[in-house]
Amino acid sequence: MSYKVDPEKIRKFCAEAFLTVHLRPEYSFRIADNLLQAELRGVRSHGLVQIKNYLKQITEGKINRSPKISILRESDALLVIDGDNGPGSVTGTWAMEGCIEKAKLSGAAIATVKNGTHFGMAAYYAMMALKQDMIGIAACTSPRLVSVYGGRSRELGTNPFCMAVPAGSSYPVVYDGATSEAAFNKIFFALREGRKIPASWAVDSDGNNTTDPAAAIGGTLLPFGSYKGSDISVLIYILCGLLSGAAVSENSVNGKILEFPDQVGFSFCAIDVRQIQELQIFKESVDCMIERLKTSPIRVSSEKIYMPGEKEFLVKEKSLKCGIELGEGVWNDLKSVQGEYGVNISLEECLL
């Protein structure tokens, strides 16, 4: 069974839910918007299924309700930020906004964040740059859930990476993906929906491939593309974890790490196309590239060639027009949130 909900009404429901755990109104809106945008784009693993988990982490103190987000170092093209374990979408938005403003002056800028928490869909931040006709990049580490290539223990995070590129008449090019074969939240979502997963996604605690999401959660996720995904994950760990200081213990001595705390680190980058070449020429070049690729010969097994992010743009257009379809598992989670946290807005009011 599924339930179709109005996007704006369900956003208000989510924001109200976060207000019940004493988050500031602007924080509540930001988290709700982050999850809603993922749901609208069909990235359901990072959408409304996360609300119950976020509320639990906030009430348990794992996410800081009132973080003192601070700038540790700053230059014309650099921000080094301590997120103080605040909501990841709040810190991430603040960092990316600062990155974009600095890129307007310097041409390009980078921001790193340590002491972050789960920041949701990486595209949420990279796509912020599109509004300024900039290229946006976002990446982060996560708790160790993935094996290094050839191994069977949890050593790396799912470590997603996103890059968003403005175009002219075409949809922007937006790649957003984990470096594991599947994001952990896709497995969590499959568990909530009572579905099996592909055998290539994970191994159980004995190192055997599994289609059982519960066994996968108790085991280890696998990197995508064998050693290639594993190696890219290592690089993102360096960029977002070691460079930001998120994965470096306070007790490290002379660069030797004595502990590996499960802190989350982010890295963002904004590139102002205007300061490299004429904007219109760049956008037209992107359009021409897209046209060439999409009209190239199609394999027998393919129906159509899609560009990175294109399917998500199409899903969002449909979602805004026809509403968001929620599965029974997510609907039941939201119902339990309404009862447990005393959300003033009735979930039934959100139905179409």
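At 40% relative accessibility, E60 counts as partly exposed in this predicted model. Its salt-bridge partner is K62, with the closest N and O atoms 3.4 Å apart. K62 itself is exposed, at a relative accessible area of 52%.

**Salt bridges**

- The count of salt bridges comes to 15.
- R24 and E26 form one of them, and their closest N and O atoms are 2.7 Å apart.
- R24 is partly exposed, with a relative accessible area of 40%, and E26 is partly exposed as well, at 42%.
- The side chains of D133 and R274 also meet in a salt bridge, at 3.3 Å from N to O.
- This pair links distant parts of the chain, 141 residues apart: D133 sits in the loop between α5 (123–126) and β5, while R274 sits in the loop between β10 and α9 (279–294).
- D133 is buried, with a relative accessible area of 17%, because buried means under 20%.
- R274, in contrast, is partly exposed, with a relative accessible area of 45%.
- A network of salt bridges links E8, R11, R30 and D33.

**Strand β5 and its neighbours**

- Strand β5 covers residues 134–140, and six of its seven residues are buried, so the rest of the structure largely encloses this strand.
- Strand β10 (residues 264–272) pairs with β5 in the antiparallel sense, over seven bridges.
- Within that pairing, I137 has C269 of β10 as its bridge partner.
- Strand β6 (residues 161–165) also runs antiparallel to β5, and four bridges join the two.
- Here, A138 has C162 of β6 as its bridge partner.

**D272 in strand β10**

- D272 lies in strand β10 and counts as buried, at 5% relative accessibility.
- Its side chain joins that of Q275 through a polar contact of 3.1 Å.
- Leaving aside residues up to four places away in sequence, D272 touches A103, K104, G107 and M134.

**A nonpolar patch on the surface**

- V148, V234, L235, I238 and L242 form a nonpolar patch on the surface, and together they have about 370 Å² of accessible area.
- L235, one of the patch residues, lies in helix α8 (residues 227–242).
- With 56% relative accessibility, L235 counts as exposed.

Methods. Residues are numbered from 1 along each chain as its sequence is written. This is a predicted model: local features need pLDDT of at least 70, side-chain atom pairs count only at pLDDT 80 or more; totals for chains, interfaces and linings use all residues. Side-chain values use heavy atoms; hydrogens and water are left out. Buried means under 20% relative accessible area, exposed over 50%, partly exposed in between (1.4 Å probe, protein chains only). Two strands pair if DSSP finds at least two bridges between them. A polar contact is a pair of N or O atoms within 3.5 Å; within protein, one must be able to donate a hydrogen and the other to accept it, and residues adjacent in sequence count only if both atoms are side-chain atoms. Contact means heavy atoms within 4.5 Å. Patches are made of residues with over 30% relative accessible area and no salt bridge: like charges are joined within 9 Å, nonpolar side chains (Val, Leu, Ile, Met, Phe, Trp, Tyr) within 5 Å. Accessible areas come from the Shrake-Rupley method with a 1.4 Å probe; for residues, only the protein chains shown count as cover. A salt bridge is a side-chain nitrogen of Lys or Arg within 4 Å of a carboxyl oxygen of Asp or Glu.
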